[in-house]
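Keep the viewer open and follow along.

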Amino acid sequence: MLQHLLNGFTVGSIYALVALGYTLVYGVLKFINFAHGDVLMIGTYIALIVFNFLRTFIEPSIAFIIAILAGMASSALLAVLIERVAYRPLRHAPRLAPLLSAIGLSVILSNTAALIFGTKSQRFEMPFNNTPIHWGNLVVTPYQGLILLTSLTMMVLLHFFIKMTRTGKAMRAVSEKPMVAQLMGIDTDRIIRFTFILGSALGAVAGILVSLDYKVYPTLGSLIGLKAFIAAVIGGIGNISGAMLGGILLGVLETYGVAVLGIPVGYKDSVAFVLLIIILLWRPSGILGSNKREKI
Amino acid sequence: MISLVLLIGIYFGIYALLALGQNLITGMTGLLSLCQAAFMAIGAYTTAIILTSHHPLPLAELIVIVVFMGSLFGAMIGLPTLRLKGDYLAIASLGFGEIVKNVLLNADKFTGGPMGITHIPSVQLGRILISPYDKSVYLIFVWGFVGVILWGLFRLQRSRFGRALEAIREDEVAASSLGLNTTLYKVVAFMIGAAISALAGMLWAIYNGSVIPQSFDFMLSIMVLCMVVLGGLGNYFAALVGTMVIVIISELPRLLGFSVLIPAQLDQILFGLILVILMIYRPEGLLGRPVSKRNS
């Protein structure tokens, strides 16, 4: 039982990391960045290439760290580019326009990746020895440990960043009322750009962590992205703690659904969607979302 | 050459039905739904299952059953999600599409799993055999449906119901304050759109003689959306023009035998580009109604 909880927690913290990207952008722009999953997929590919290139020269663990940084940087760069080209011109357009533009971008990115990197999935070698550690009845792999440690650290850091720093404060202000924030001298364009950087860098980390186990392929981002988005909505989109809660809840329920309730593995991916519909009916603004403005 | 033109004509007709359904949902009512492919799959699988088990079935009965199934599923997805705001609907409908595909892949008993259903017999209309081997008859058959549905949709647009949908699209709050039951109208519009797509699925299944789950993936829904947006949201003739352009772009190289030279991804990158570029430079599409000033 505890084992399933641990496994669910691991999957869930990945969802949570990706969900943060959706929720941060939704917080400031009130728009669903459909291309988020594909941006993190590109970052993962870059990390894979950097890692495979470097590990012949240097220690794999150092190569892995450099690869993660490279993946984060390239995802962030791509997100900034996309924001500038495809979202900024549409900031004052009707709501449907940026959403359609984002869907178009998502299609472009995943197919371009398939064209460049091929549709075959590629292995991301684990840079460390992944022998499971037995702990009473509990089995923990170092890989799971890495995921839990990394994602929890990042979430805590993000939390303090938003609450404590000037930029974090500015982000909250923009999310609450962009117009007033601008009048108060906040450079909203800069804050929005920064939000995209933050979200996609976190997403790239999640993508890399996932692909250590599941390989890298062009549609990697779509399914994780979709589930993470659902996680963000379940928790209350625009709400940072909501994204974390939603991600972990979704991960745990998926694992329990297959292992305990006996849902066939083929239907595992449907759990998230059914959960989404139930939550939306019960609390349309998500578990932690409220109608009061406490976004970001 | 003649048979090539007929083939394009048949595909054009089937996609035109999907685009008309999408236009009713997205263009007229302003709901961004991303599951035309799922509704089409429901129509196609209903047809396949019924025709392979009860072969000599009058066409009229088949049509009634397909329309019923399409609108039933339309109501099933519509009732819980249409009470939500636009962006959530996009995600929920996307999720619904994934669930449908998941079920088709896994419920082997009814759907044949990944192999699908093959050997779907032709149907009889009076004394005429509607078979995929006689392309000109099939073309007339398909366009008969397009004609009838187009006529119905035009009648609908000018009725009280059609005006209500436009009112909801322009301002839902104002519409409901005038006493319209907006949820009811939206669900019914959704059901009609779903039924039209199910009919397209029926035509597809009879024409191909077999159905597989992979035909009805997310990319198909995107392609249909792209057709409607390219033509111009909220205009049925524009939807047909958009469909024609996309069908020619995507089917012509394949039919002329160039498909070896052009990777499949290029098509989809092109659809993505069309969406993004249109949203930035011409959000009303090729022939669309001008976007109302008040919304922007």
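A:Leu253 sits in helix H10 (residues 240-259) of chain A; helices (H or I, at least four residues) and strands (E, at least two) are DSSP runs, numbered from the N terminus. A word on ground rules: this is a predicted model, where local features need pLDDT of at least 70, side-chain atom pairs count only at pLDDT 80 or more, and totals for chains, interfaces and linings use all residues. Residues are numbered from 1 along each chain as its sequence is written, while chains are lettered from A and ligands numbered from 1 in the order in which they are written.

Is A:Leu253 buried or partly exposed? It counts as partly exposed, because it has 18 C-beta neighbours inside 10 Å. The cut-offs: a residue is buried if 20 or more other C-beta atoms lie within 10 Å of its own, exposed if 12 or fewer, and partly exposed in between, with C-beta atoms placed from the backbone. Leaving out residues up to four places away in sequence, A:Leu253 touches A:Val271 and A:Leu275, where contact means C-beta atoms, placed from the backbone, within 7 Å. A:Leu253 and A:Tyr15 are 238 residues apart in sequence, yet their C-alpha atoms are 12 Å apart in space.

## Helix H11 of chain A

Both A:Val271 and A:Leu275 are among the buried residues of H11(A). As for length, H11(A) (residues 268-282) has 15 residues and should span 21 Å at 1.5 Å a residue; its end C-alpha atoms are 22 Å apart, which agrees. That expected span is 1.5 Å times one less than the number of residues.

## Two positive phi values

Most residues other than glycine have a negative phi. A:Lys30 has a positive one, near 55°, and lies in the loop between helix H1 (2-29) and helix H2 (36-54) of chain A. With 15 C-beta neighbours inside 10 Å, A:Lys30 counts as partly exposed.

Over in chain B, phi of B:His119 is also positive, near 55°. B:His119 belongs to the loop between helix H5 (108-111) and strand E1 (123-125) of chain B, and is exposed, because it has 9 other C-beta atoms within 10 Å.

## The core and helix H9 of chain B

The largest nonpolar core has 199 residues, and B:Ala198 and B:Cys226 touch the most other members. Such a core is a set of buried Ala, Val, Leu, Ile, Met, Phe, Trp, Tyr and Cys residues joined through C-beta atoms within 7 Å. Helix H9 (residues 182-208) of chain B gives the largest share of this core, 18 residues. Of the 27 residues of H9(B), 23 are buried, so this helix is largely enclosed by the rest of the structure. Just after H9(B) comes B:Gly209, with a positive phi of about 75°.

Which residues does B:Ala198 touch, not counting those up to four places away in sequence? They are B:Phe39, B:Met40, B:Ile42, B:Gly43, B:Val66, B:Val67, B:Met69 and B:Gly70.

## H2 against H3 in chain B

Helix H2 (residues 36-53) of chain B packs with H3(B) at an angle of about 140°, with axes 9 Å apart. Axes here are lines fitted to C-alpha atoms, for helices over the stretch in contact, and angles run from 0 to 180 degrees between N-to-C directions. On the H2(B) side, the contact includes B:Phe39, B:Ile42 and B:Gly43; on the H3(B) side, it includes B:Val66, B:Met69 and B:Gly70. The contact residues divide into 8 nonpolar, 5 polar and no charged, where Ala, Val, Leu, Ile, Met, Phe, Trp, Tyr, Cys and Pro count as nonpolar, Asp, Glu, Lys and Arg as charged, and the others, Gly among them, as polar.

## Where the chains meet

The contact between chains takes 35 residues from chain B and 36 residues from chain A. On the chain B side, the elements giving two or more residues are helix H3 (59-81), helix H4 (86-106), helix H10 (218-231) and helix H12 (264-281). H4(B) gives the most, with 14 residues. That side of chain B divides into 23 nonpolar, 10 polar and 2 charged residues.

Of its 14 residues, 13 are buried, so H10(B) is largely enclosed by the rest of the structure. After H10(B) comes B:Gly232, whose phi is positive, near 135°.

Note on methods
Contact = placed C-beta atoms within 7 Å.
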